[in-house]
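Here is a short briefing on one protein chain. Look over the sequence and the model, then work through the points below.

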Amino acid sequence: MKRFMVVLTGVIMAAALAACTPTKQSSEKRNNPPAGATQESSVDGALEKQEMVVDAEPSVTVCIYSVNDNKTGLKQNMDAVDGEELDAQLLIDKMAELGVIEEGVKVKSFDNKDGVLTLDLSALSGSKDELVITSIVNTFIQNYEAEEMSLSVNGEKLGSGNYKFVKEYKKMK
């Protein structure tokens, strides 16, 4: 009787293991959907599309500082500029787009040497506004990971020395 029980247990275990092993599916069916069809799979009961999203143009994520609504400090804005690497004119254009500075400002010259940025702009109507200047300085210093910055408009230097990143930008006035 013991021998019969051992054989019966072995048969039941073999059947259970055979039932639990995965079956092979034709790779042709899974990997080659009809033309124009999207592959879909069910995850946790939800249907998800498996499509690769490709950006047409590369972009760089930047941090732009702008004047807050009540004009007492600055706020950070995360955005993107087109291109594979950071460009001073694109940064100025993005600041104009966000209303930090006026449209049409051009970068006359830009230099990044040993952690010191030198930026000369064609015009800047807010050249006397501390918040506008700090917006430009903080934006450039953070995005270029610099220590300080010299800012000028048409060759005329703003401020008495180089500007540094203002850490207390949220409340300045």
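Glu145 is exposed, with a relative accessible area of 72%. Its place is in the loop between α4 and β7 (148-153). Glu145 also has a positive phi of about 50°, although it is not a glycine. Keep in mind that this is a predicted model.

- Asp114 is not a glycine, yet it has a positive phi of about 55°.
- Asp114 lies in the loop between β5 and β6 (116-121).
- Is Asp114 buried or exposed? At 77% relative accessibility, Asp114 counts as exposed.

**The chain as a whole**

- The chain contains four helices and nine strands.
- Starting at the N terminus, the elements run α-α-β-β-β-β-α-β-β-α-β-β-β.
- The chain has 173 residues, and 30% of them count as buried.
- Take the contacts between residues at least 6 apart in sequence: 50% of them join residues at least 24 apart.
- The accessible surface of the chain comes to about 12200 Å². Carbon and sulfur atoms account for 52% of that surface.

**Helix α3, an enclosed helix**

- How many of the 10 residues of α3 are buried? Seven are, so α3 is largely enclosed by the rest of the structure.
- The buried residues of α3 are Ala88, Gln89, Leu91, Ile92, Lys94, Met95 and Ala96.
- What covers the buried residues of α3? The cover includes the strands β3 (59-67), β4 (74-82), β5 and β6. Helix α4 is also part of the cover.

- Thr134 is found in helix α4, which spans residues 130-144.
- Thr134 has a relative accessible area of 7%, so it is buried. The cut-off for buried is under 20%.
- Which residues does Thr134 touch, not counting those up to four places away in sequence? They are Leu74, Val166 and Met172.

**Salt bridges**

- The structure holds four salt bridges.
- One of them joins the side chains of Lys94 and Glu97, at 3.2 Å from N to O.
- Lys94 and Glu97 are three residues apart in helix α3, so about one helical turn separates them.
- An α-helix has 3.6 residues a turn, so residues three or four places apart point the same way.
- Lys94 is buried, with a relative accessible area of 9%. Glu97 is exposed, at 54%.
- Another salt bridge links Glu148 and Lys164, whose closest N and O atoms are 2.9 Å apart.
- Glu148 lies in strand β7 and Lys164 in strand β9 (residues 163-164), so this pair ties together parts that are 16 residues apart in sequence.
- Lys164 is exposed, with a relative accessible area of 51%.
- Which residues do salt bridges with shared partners join into one network? They are Asp79, Lys94 and Glu97.
- The side chains of Asp69 and Lys75 also meet in a salt bridge, at 3.9 Å from N to O.
- Asp69 is exposed, with a relative accessible area of 73%. Lys75 counts as partly exposed, at 34% relative accessibility.

**Surface patches**

- Where is Glu103 found? Glu103 is in the loop between α3 (88-97) and β5 (107-113).
- Glu103 has a relative accessible area of 60%, so it is exposed.
- A nonpolar patch is formed by Met1, Phe4, Met5, Leu8 and Ile12. Together these residues have about 580 Å² of accessible area.
- Met5, from the nonpolar patch, lies in helix α1 (residues 2-20).
- Met5 is partly exposed, with a relative accessible area of 44%.

Terms used
Residues are numbered from 1 along each chain as its sequence is written. This is a predicted model: local features need pLDDT of at least 70, side-chain atom pairs count only at pLDDT 80 or more; totals for chains, interfaces and linings use all residues. Side-chain values use heavy atoms; hydrogens and water are left out. Helices (H or I, at least four residues) and strands (E, at least two) are DSSP runs, numbered from the N terminus. Buried means under 20% relative accessible area, exposed over 50%, partly exposed in between (1.4 Å probe, protein chains only). Contact means heavy atoms within 4.5 Å. Accessible areas come from the Shrake-Rupley method with a 1.4 Å probe; for residues, only the protein chains shown count as cover. Patches are made of residues with over 30% relative accessible area and no salt bridge: like charges are joined within 9 Å, nonpolar side chains (Val, Leu, Ile, Met, Phe, Trp, Tyr) within 5 Å.
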